[in-house]
Amino acid sequence: MNQSEKILKKQRDFFATGVTQEASFRLEQLNKLKQVIQRFEPAILEALHHDLNKSELDTYSTELGMVLSEINYLTKNLVSWMKAKRVKTPLTHIGSRSFIYPEPYGVALIISPWNYPFQLTLAPLLGAMAAGNCAILKPSELSPHVSRVIAEMMSSQFPSEYIAVIEGGAEASTELLNLKFDKIFFTGSVVVGKIVAQAAAQYLTPVTLELGGKSPCIVHKDAKLDLAAKRIVWGKFLNAGQTCIAPDYLFVHKDVKEELVEHMQGYIRNFYGQDSQTMLQNNDLTVIVNDRHFQRLITYLERAHVLAGGGYDEKRRFIEPTILDQVDWNHPVMQEEIFGPILPVLEYEDLEEVIAQVNEHEKPLALYFFSENKGLQDRILQGISFGGGCFNDTVMHIVTPYLPFGGVGNSGNGAYHGKSSFEAFSHQKSILSQSTQFDLPVRYPSFKYALQAIRFLMK
Ligand code: NAD
């Protein structure tokens, strides 16, 4: 038995005791998790700074704060979500009652990426714990300091038969994926998502896939341009563009392109530094995770028509917030998810062209549409399939527990956050509780009028 198998076996035995199913246990563990996160806060901040040079503001708002507020929301609502939900019963089942009982899957595997390495490991875990599961976490090897802190933090607070962390890269994932889990929750690239889905298929394990892709941001001519520019610059360059739901590319109506770009240039200066020199010397800005991704990103800048930024510092793996012009779908930057601080701008005249072009590609994880026109917003909603998004904003739909977060098609399947996290890790067990006080004869072949009665009741 390898280490993964041993831990899985221990977790199965622990789950079988039924302890994790009790509401008091779940609430106590979520509170313990909150306490240990608060205790480890300095170490978490330091690790995120080490791996990605994240500032304290970004770390708090997008990593720690999100997880802590999600714990509060889950603990407040958990007991009511756990209750068996009574539903209607049809006339054909007279005498019986029906209810839906959410039960934990059992042992869950959570595999996470490096870009928000803390939040994207912990947020699914909260769902797994709230739903009464045991879990094994596999953080990303590309953010090794955060991976280490998560492992230390978890082992200091939880026994491995309940929550365990296995560190490592693809080999560690592969070893885990060869085992039979009751639920797999994967966040990462489309390529690896397919590997995970295949591995899950061998045991028919339910799987949530939180993937990526190219998320469009569309600015129509009636949009409030200054505000649109501010919100796009923030959402795109947050975490150096290494955000799964960052606007990947911008489609702007040709009448307002120049003005929008001017506002965006202004906000880049305002948020990140007045000039290239200042930005390149600013050690507080998030950097690109590793050399491979840095080299991939700077090739997009070769021979490009740059409207803002374009500079970089190879030693620090820093790339200035950059806007590219004269881009079409054949440009290399449009061939894959950018996942960095580079925003190509395409222009359009007719919104229908945009809808057609987006629909020629894979279904995006997010879509942002800036317009004051409700009719056009409805047209986008009805005309393009995407995971989720915002009208007149970017990224913010992820930061609410009331909206399920997830992709569709190539950008993933399943969703989480808030109640959806609880549901992602629960099986909805349907129960019909029949009366034994009487037994209507209509369904039995010995009943003379069975067919007529069934025809009458089921028409
Ligand atoms: P990735 O798919 O390379 O890695 C994700 C995880 O899978 C890591 O833990 C890694 O160790 C593991 N892994 C890598 N190769 C594997 C293999 N062959 N077999 C099994 N496991 C393997 O993704 P990444 O580079 O860490 O993250 C970036 C991607 O994640 C982007 O595409 C981004 O859009 C996406 N993402 C999506 C969301 C979301 O919520 N939908 C959030 C963040 C990132």
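This is a predicted model: local features need pLDDT of at least 70, side-chain atom pairs count only at pLDDT 80 or more; totals for chains, interfaces and linings use all residues.

Trainee: How many helices and strands does the protein chain have?

Mentor: Helices (H or I, at least four residues) and strands (E, at least two) are DSSP runs, numbered from the N terminus. The protein chain has 16 helices and 18 strands.

Trainee: What does the radius of gyration say about the protein chain?

Mentor: The radius is taken over C-alpha atoms, and the globule rule is 2.2 Å times the number of residues to the power 0.38. For 459 residues, a compact globule would come out near 23 Å, and the 25 Å of the protein chain agrees with that. Along its principal axes, the C-alpha trace spans about 85 × 55 × 35 Å.

Trainee: What percentage of the residues count as buried?

Mentor: Buried means under 20% relative accessible area, exposed over 50%, and partly exposed in between (1.4 Å probe, protein chains only). Of the 459 residues of the protein chain, 53% count as buried. Take F251 as a case: this residue sits in strand β9 (residues 249-253), and F251 is buried because its relative accessible area is 2%.

Trainee: How many salt bridges does a search of the whole structure find?

Mentor: A salt bridge is a side-chain nitrogen of Lys or Arg within 4 Å of a carboxyl oxygen of Asp or Glu. The search finds 17. In one of them, D325 and K257 meet at 2.7 Å, N to O. That pair links distant parts of the chain, since D325 is in strand β13 (residues 322-325) and K257 in helix α10, 68 residues apart. Both partners are buried.

Trainee: Which other salt bridge does K257 make, with E347 as its partner, and at what distance?

Mentor: The side chains of K257 and E347 meet at 3.2 Å, N to O. K257 lies in helix α10 and E347 in strand β14 (residues 342-348), so this pair ties together parts that are 90 residues apart in sequence. The relative accessible area of K257 is 14%, so K257 is buried, whereas E347 is partly exposed at 44%.

Trainee: What about R316 and D313?

Mentor: Their side chains form a salt bridge at 3.9 Å, N to O. R316 is buried at 18% relative accessible area, while D313 counts as partly exposed at 23%. Salt bridges can also join up: R148, E152 and E167 are linked in a network.

Trainee: Which residues form the negative surface patch?

Mentor: Patches are made of residues with over 30% relative accessible area and no salt bridge; like charges are joined within 9 Å, and nonpolar side chains (Val, Leu, Ile, Met, Phe, Trp, Tyr) within 5 Å. Lys and Arg count as positive and Asp and Glu as negative, with His and the chain ends not counted. A charge is placed at NZ of Lys, CZ of Arg, CG of Asp or CD of Glu. Here the negative patch consists of D226, E258, E259 and E262. Helix α10 (residues 257-272) gives its largest share, 3 residues. E258, which is in helix α10, counts as exposed because its relative accessibility is 64%.

Trainee: Which residues make the nonpolar surface patch?

Mentor: Accessible areas come from the Shrake-Rupley method with a 1.4 Å probe; for residues, only the protein chains shown count as cover. The patch covers about 730 Å² and is made by L91, I94, F438, L440, F456, L457 and M458. M458 is in the segment after α16 (450-457), and M458 is exposed at 61% relative accessible area.

Trainee: Which value of phi does A240 have?

Mentor: Most residues other than glycine have a negative phi. A240 is not a glycine, yet has a positive phi of about 55 degrees. A240 lies in the loop between α9 and β9 and is buried, with a relative accessible area of 8%. F339 also has a positive phi, near 55 degrees; F339 lies in the loop between β13 and β14 and is buried at 16%.

Technical notes
Residues are numbered from 1 along each chain as its sequence is written. Side-chain values use heavy atoms; hydrogens and water are left out.
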